[in-house]
Amino acid sequence: MQTKSLKGRDFISTLEFTREELDSMLELAAVLKADTASGRDHLLLLRKTLFIIFYNKSLRTRNSFETGMTQLGGHANYLDSEKIYTPATEGEEKAYSTERVSDVARVLARMGDGIAIRMYGKPTGWMYGNGNKYLREFAKWADVPVINMEDDMYHPCQSMADVLTMKEKLGDLRNKKLVVSWAYSPGVKKPGTVPQCLMATASKFGMNITLARPDGFQLDPMMIDAIKENVKKHGGSFEETDSMEDSFKDADVLYPKSWGSLACVPPQTSEINVDKMKTLFDKNKDWICDDRKLKLAKPEAIYMHCLPCDRGYEVADSVIDGPNSVVFDEAENRLHAQKGIMALLMR
Ligand code: CP
């Protein structure tokens, strides 16, 4: 099937892209990965600049975007949101401390070829959806692509790297069982972007998806509806359970990770309720991916995690460092997947 040009498109959610468009990014990613390994350069973004704005910490995202732009012949310019006039929306501005998003977006678009943003959690006041709204405000004003490096709803570049990794390890993803499971962590201030966005993306590839989570860790109903719609259209299945053990049975892919409860953040509460969150987390300390649970999955099942992970809580060292783990291939694929995405959007 012919895919129309993706040049100039924003990449905020994979839900806004067809299966064919996602395939074209993944196919280019695979070619660029193989060619880079054999020393063949593709300077598809020669002299182009991507501005990368971070409101939160990062190891993988920052370095994969910077390396990816270098390998494509361009440059990623890192902007710490605290060290520029912090981009702010109307009504949130402070004189000579912030700068309105509409102005920042238009200035950067005059100088470069793309703007990538990470914003979730504290900088959004933990108001679910605020981070996504903020990225869309940038996209409204910038006439260059805006790329989501993780907001409070989606982490589409992570999901694309995850799909690329699953395809490399399992081949055709149709009817493969993907288990996305909550896991315990003593650090409770975490967004649910990775599980939501992974399922939203994987459900376009015909996978049989099981979401396992204790009561209180339900994900955004809008996302669950979108996943169910995708499954209807693309095949595969979706089910939810509150048993980590049950979900692991016969799995091809295990993706256990921690996320915070939407019931403990605005708009459900007036501000983030850390005490309530901790109480919910502490009821479920046995939600760890250990050797006993791993044995419930297929023997060749792969263990995945976006990283960073909380070793000894979300996962046992023996699992993440064991033969089923593909976490470092997955982390490396951030670089390759994003090269495919950037090259098609920014060329
Ligand atoms: N997985 C991921 O996004 O990692 P960073 O937070 O290190 O960027």
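Helix axes are lines fitted to C-alpha atoms over the stretch in contact, and the angle between two of them runs from 0 to 180 degrees between their N-to-C directions. The legends below use this convention for a model that is predicted.

**View 1. Helix α5 and its covered residues.** Helix α5 takes in residues 156-170, and because 15 residues at 1.5 Å a residue should span 21 Å, the 21 Å between its end C-alpha atoms agrees with expectation. The helix is mostly covered, with 12 of its 15 residues buried; among them are Pro-156, Cys-157, Val-163 and Leu-170. Directly after α5 comes Gly-171, which has a positive phi near 75°.

**View 2. The packing of α5 against α12.** Helix α12 is formed by residues 327-346, and the axes of α5 and α12 lie 8 Å apart at an angle of about 115°. Since angles of 65 to 115 degrees count as roughly perpendicular, the two helices are therefore described as roughly perpendicular to each other. Their crossing is right-handed. On the α5 side the contact includes Met-160, Ala-161, Leu-164 and Lys-169, while α12 contributes residues including Asn-333, Arg-334, Ala-337 and Ile-341.

**View 3. Thr-201 in helix α6.** Thr-201 belongs to helix α6, residues 193-202, and is buried, with a relative accessible area of 0%. A polar atom of the Thr-201 side chain lies 2.7 Å from the backbone oxygen of Cys-197. When neighbours within four places in sequence are left aside, Thr-201 is in contact with Thr-14, Leu-22, Ser-159, Met-160 and Val-163; of these partners, Ser-159, Met-160 and Val-163 are among the buried residues of α5.

View 4. Most residues other than glycine have a negative phi, and most peptide bonds are trans. Tyr-96, although not a glycine, has a positive phi of about 55°; Tyr-96 lies in the loop between β3 and β4 and counts as exposed at 73% relative accessibility. The loop between β3 (86-88) and β4 (98-100) also holds Glu-92, whose side chain makes a polar contact of 2.7 Å with the side chain of Thr-89. Glu-150 likewise is not a glycine and has a positive phi, of about 120°; Glu-150 lies in the loop between β6 (146-148) and α5, but is buried, with a relative accessible area of 7%.

**View 5. Two cis peptide bonds.** Pro-266 and Pro-267 are joined by a cis peptide bond with omega of about 10°, and Pro-267 is placed in the loop between β10 (253-257) and α9 (274-282). A cis peptide bond with omega of about 5° joins Leu-307 and Pro-308, where Pro-308 lies in the loop between β11 (302-303) and α11 (317-320).

Definitions and conventions:
Residues are numbered from 1 along each chain as its sequence is written. This is a predicted model: local features need pLDDT of at least 70, side-chain atom pairs count only at pLDDT 80 or more; totals for chains, interfaces and linings use all residues. Side-chain values use heavy atoms; hydrogens and water are left out. Helices (H or I, at least four residues) and strands (E, at least two) are DSSP runs, numbered from the N terminus. The expected span of a helix is 1.5 Å times one less than its number of residues. Buried means under 20% relative accessible area, exposed over 50%, partly exposed in between (1.4 Å probe, protein chains only). A polar contact is a pair of N or O atoms within 3.5 Å; within protein, one must be able to donate a hydrogen and the other to accept it, and residues adjacent in sequence count only if both atoms are side-chain atoms. Angles under 35 degrees count as roughly parallel, over 145 as roughly antiparallel, 65 to 115 as roughly perpendicular and the rest as oblique. A crossing is left-handed if the near helix is turned anticlockwise from the far one by less than a right angle, and right-handed if clockwise. Contact means heavy atoms within 4.5 Å.
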